[in-house]
Structures are given as C-alpha cells and as structure tokens.
Amino acid sequence: MNKKLYLPLIIFLALVIAFVVQLQRNAAGDDPKNLESALIGKPVPEKTMQGLLEDKQYTSEIFRQGKPVLINVWATWCPTCYAEHQYLNELAKQGINMIGVDYKDQTDKAIKWLKDLNNPYKLVIKDEKGSLALDLGVYGAPETFIVDGQGIIHYRHTGDVTDKIWKETLAPIYNKLLEGTK
C-alpha cells in the first residue's frame with residue numbers, strides 16, 4: 001500500500017492532539033489572555049515621552065514615584081478600550097494610580113475622548129508611532145501593566161480590565177505592592 005495515503009491521517013491526528021492539549025490547558029485554568037512578558041521583573045524601558053494633554057516631555061522617571069501604577073495602553077479606535085474606560089474611571093475614583101498610553105492615535109480624537117468620557121489617568125502619554133508600546137511588548141490595545149514604585153513591571157494583562165479581572169487578578173498584585181510602600 002502507498003505510504004503517502006497515511007500522510008493526511010497523520011496530519012489530522014496531530015491537529016486533533018494539539019487541539020485537545022489546548023482545551024485541557026484552558027480547562028485547567030490557564031488563561032490564553034495571560035501572555036508572558038520578557039519584561040516581568042524588569043524596569044519600564046528608558047524613554048523620553050510626550051504628554052498628550054500638555055506640551056511637556058517626560059522620562060521613565062514617571063514610573064518611579066514610590067507608589068505602584070497601572071500603565072494602561074488604549075486608543076480611541078479600539079472598541080474594547082471604550083468598553084473598559086468606564087471601569088477605569090471607577091478605579092480612579094477609588095484612588096488607583098494610572099498612567100495612560102494613547103497608542104497609535106490622533107491627538108485631537110484622544111483629547112476629545114478624555115474630555116467626553118472623563119480622564120481616569122494621572123498622566124497621559126502620547127505614543128503616536130507606538131514606540132513605547134513596542135518597547136513594552138504590546139500586541140494591541142488595551143493592555144495593562146502593573147508597575148511598582150521603583151518602575152519594575154510585575155504583571156501584564158491583555159484585554160480590557162473588568163470588575164472580575166480587577167478583583168481576582170490585578171487588585172491583589174496592586175494592593176500587595178501598595179502595602180510594600182507603607
């Protein structure tokens with residue numbers, strides 16, 4: 001019998017095995033949104049950045065202010081960012097320290113967005129070319145990083161921040177870092 005006839009069967013079985021393994025990983029609680037980051041445990045990359053709301057240059061020193069901070073990468077063209085924005089406003093009301101990174105966006109649209117939907121950020125960085133996001137390893141908006149008071153990245157979350165994600169994943173990390181500053 002011709003051995004080439006078995007090739008499609010072998011390919012099919014390999015795909016089935018890969019599919020089953022992925023399903024088992026997800027059933028075991030592995031979240032495919034939790035992308036590994038080479039920057040976990042490392043400082044936010046050194047960079048000179050432009051403020052969105054003011055004509056001012058910033059350095060990576062903004063991430064080393066002694067208190068933990070959420071770095072939230074967002075854009076006006078991102079529908080998930082829109083869905084997330086109201087919850088970020090709630091977090092800001094609770095005193096959560098956030099820096100926004102406006103990713104590959106138009107300045108006038110971003111300013112209008114923050115004016116119309118409220119601004120939850122202590123500071124907003126303009127990242128028109130996506131260079132800061134690239135240095136952070138961002139795949140797309142929204143993504144959120146938890147950074148300690150010395151500018152060290154502790155966690156990366158892809159996708160929107162919801163009440164469930166905040167309470168179950170992000171808040172425990174953020175609060176632990178906050179306790180370490182007292």
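A residue is taken as buried under 20% relative accessible area, exposed over 50% and partly exposed in between, with a 1.4 Å probe and protein chains only. The model is predicted, so local features need pLDDT of at least 70 and side-chain atom pairs count only at pLDDT 80 or more, while totals for chains, interfaces and linings use all residues. Residues are numbered from 1 along each chain as its sequence is written, and side-chain values use heavy atoms, with hydrogens and water left out.

Ser60 lies in the loop between β2 (57-59) and β3 (69-74), where strands (E, at least two residues) and helices (H or I, at least four) are DSSP runs numbered from the N terminus. With a relative accessible area of 1%, Ser60 is buried. A polar atom of the Ser60 side chain lies 2.8 Å from the backbone oxygen of Pro45, and a polar atom of that side chain lies 2.9 Å from the backbone nitrogen of Lys47. Beyond neighbours within four places in sequence, Ser60 is in contact (heavy atoms within 4.5 Å) with Val44, Pro45, Glu46, Lys47 and Met49.

Pro142 is placed in the loop between α4 (131-136) and β6 (143-147), and its relative accessibility of 4% makes it buried. Leaving aside neighbours within four places in sequence, the residues in contact with Pro142 include Cys78, Cys81, Thr158 and Asp160. Of these, Cys78 is buried at 4% relative accessible area, and Cys81 is buried at 2%. A search of the whole structure for disulfides, defined as pairs of cysteine sulfur atoms within 2.5 Å, finds 0. The C-alpha atoms of Pro142 and His157, which are 15 residues apart along the chain, are separated by 8.7 Å.

Note on methods: Polar contact = N/O pair within 3.5 Å; in protein donor to acceptor, adjacent residues only side chain to side chain.
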